[in-house]
Structure formats: C-alpha cells, structure tokens
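Please open the structure in your viewer and keep the selection panel at hand.

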Amino acid sequence: MPFFRISLKRLLLDKNGRRVEPGMWAEVSHDKPYVNWAAPRTLDDIKFQFRLKYNIELNSGQIGPNNFDVTRIS
C-alpha cells in the first residue's frame with residue numbers, strides 16, 4: 001500500500017476559525033497508486049491525520065488538489 005505526503009499549499013481556516021498554515025503536512029496510505037480526491041474514505045483519512053497531528057478540523061470541501069500537494073513516499 002503506497003504512502004503519500006499531503007502538504008498544504010496556502011493559508012486556510014478550519015471549522016473553528018483557526019489558521020492552517022501552508023507547509024503543514026500529513027501522511028496517508030491509500031490502496032491505489034494515486035490519491036482519489038473524490039473518495040469519502042480518502043477525505044476522512046486526511047481529516048483524521050490532520051486532526052491527530054495538529055488538532056485542526058478541516059472541512060471536506062477544503063481538501064483537494066487546489067489546496068494540497070501530493071508526494072508519493074513509497
């Protein structure tokens with residue numbers, strides 16, 4: 001299962017109005033060799049990892065290729 005680093009490209013606000021800074025990143029695994037932005041499971045994994053690492057609540061609408069860069073780690 002490949003691992004991906006999902007990095008934020010630009011400044012966002014989370015559900016509670018806290019700043020989410022560019023450069024924040026999280027690592028997620030996915031069963032395909034690419035990140036499927038339309039899959040609810042992928043969105044939930046990204047939101048969960050950012051919640052664990054930074055204690056922020058991202059909206060599902062904020063998660064996508066416009067706001068995040070993807071780098072395949074393995």
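A nonpolar core is a set of buried Ala, Val, Leu, Ile, Met, Phe, Trp, Tyr and Cys residues joined through side-chain atoms within 4.5 Å. The model on display is predicted.

**First selection: the core.** Select Ile6, Phe50 and Phe68; of the 17 residues in the largest nonpolar core, these touch the most other members. Then colour strand 1 (3-8), strand 4 (25-29) and helix 1 (40-54), the elements that give two or more residues to this core. In soluble globular proteins, nonpolar side chains tend to be buried together.

Which residues is Ile6 in contact with, once neighbours within four places in sequence are left aside? Display Met24, Trp25, Ala26, Val28, Val35, Trp37, Ile46, Phe50, Phe68, Asp69 and Val70, which make up that set.

Move to Ser7, which is found in strand 1. Is Ser7 buried or exposed? Its relative accessibility is 16%, so Ser7 counts as buried, the limit being under 20%. Beyond its neighbours within four places in sequence, Ser7 is in contact with Met24, Trp25, Asn67, Phe68 and Asp69.

Now go to helix 1 and pick Asp45. Asp45 has a relative accessible area of 26% and is therefore partly exposed, a class that lies between under 20% and over 50%. Not counting residues up to four places away in sequence, Asp45 touches Val28 and Ser29. To finish, draw a distance between the C-alpha atoms of Asp45 and Ala26: the two residues are 19 residues apart along the chain, and these atoms are separated by 9.8 Å.

Key. Residues are numbered from 1 along each chain as its sequence is written. This is a predicted model: local features need pLDDT of at least 70, side-chain atom pairs count only at pLDDT 80 or more; totals for chains, interfaces and linings use all residues. Side-chain values use heavy atoms; hydrogens and water are left out. Buried means under 20% relative accessible area, exposed over 50%, partly exposed in between (1.4 Å probe, protein chains only). Helices (H or I, at least four residues) and strands (E, at least two) are DSSP runs, numbered from the N terminus. Contact means heavy atoms within 4.5 Å.
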